[in-house]
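Subject: Structure handover

Hello,

Here is the structure I promised to pass on. My notes follow below it.

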Amino acid sequence: AKVGRELAARLFADASLSAEPEFATRLVQYVYHKEEPIRRAASDALNDIFKQFPDTVTPTLQQMYSTFGTKLKDEDSGEDRTGVAYALCSCKDVLKEQSVCT
């Protein structure tokens, strides 16, 4: 995972890209991806976005929980539950700083 993060960071820098606040809500769909590495990467990326753009935390969490509620009505997927867990665990320090969780 560390190698993947380093490669992604290098590619991001080489392409002269920069993070944007709207990335946070775009990443939510990947928290629910069927492949674990993608769920984990999305969770780590959310953490980075939240650190850079603290105002994105609340709307992104609202979207994530809303999506989760809809998914639970349709089907109970272990991938969905673990995706939310990965996201919350990855972002725990940012969430504590913002008093989202204590």
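I start with helix α4. Its buried residues are V57, T60, L61, M64 and F68. Seen down the axis of α4, these buried residues fall within an arc of 95°, so they line one face of the helix. The face turned away from that buried side carries the exposed residues Q62, K73 and D74. Helix α4 covers residues 57–74, which makes 18 residues. From first C-alpha to last it reaches 26 Å, close to the 26 Å expected at 1.5 Å a residue. Its buried residues pack against four helices: α2 (23–31), α3 (36–52), α5 (78–90) and α6 (92–97).

A word on confidence. This is a predicted model. The protein averages a pLDDT of 83, and 86% of the residues score at least 70. Among the elements, α2 has the highest mean pLDDT, at 91. Helix α1 (residues 2–14) has the lowest, at 68. Please keep that in mind when you look at α1.

Next, helix α5. Its 13 residues should span 18 Å at 1.5 Å a residue, and its end C-alpha atoms are 18 Å apart, which agrees. Buried here are D80, G83, V84, Y86 and A87. Seen down the axis of α5, they fall within an arc of 160°, so they too line one face of their helix. The buried residues of α5 pack against α2, α3 and α4.

Now the core. The largest nonpolar core has 19 residues. Those that touch the most other members are V31, Y32, L46, F50, V57 and M64. Helices α2, α3, α4, α5 and α6 each supply at least two residues of this core. Take V31 as an example. Not counting residues up to four places away in sequence, V31 touches R39, A42, L46, M64, E79, G83, V84 and A87.

Is T56 buried or exposed? The cut-off for buried is under 20% relative accessible area. T56 has 8% relative accessibility, so it counts as buried. Leaving aside neighbours within four places in sequence, T56 is in contact with P21, A24, I49 and F50. A polar atom of the T56 side chain lies 2.7 Å from the backbone oxygen of F53. T56 and T25 are 31 residues apart in sequence, yet 8.0 Å apart in space, C-alpha to C-alpha.

Best wishes

Notes: Residues numbered from 1 in each chain as written. Predicted model: local features only at pLDDT ≥ 70, side-chain atom pairs only at ≥ 80, totals over all residues. Heavy atoms only, no water. Expected span 1.5 Å × (residues − 1). Buried < 20%, exposed > 50% of the residue type's maximum accessible area, 1.4 Å probe, protein only. Arc of directions from axis to C-beta. Contact = heavy atoms within 4.5 Å. pLDDT = per-residue confidence, 0-100. Core = buried A, V, L, I, M, F, W, Y, C linked by side-chain atoms within 4.5 Å. Polar contact = N/O pair within 3.5 Å; in protein donor to acceptor, adjacent residues only side chain to side chain.
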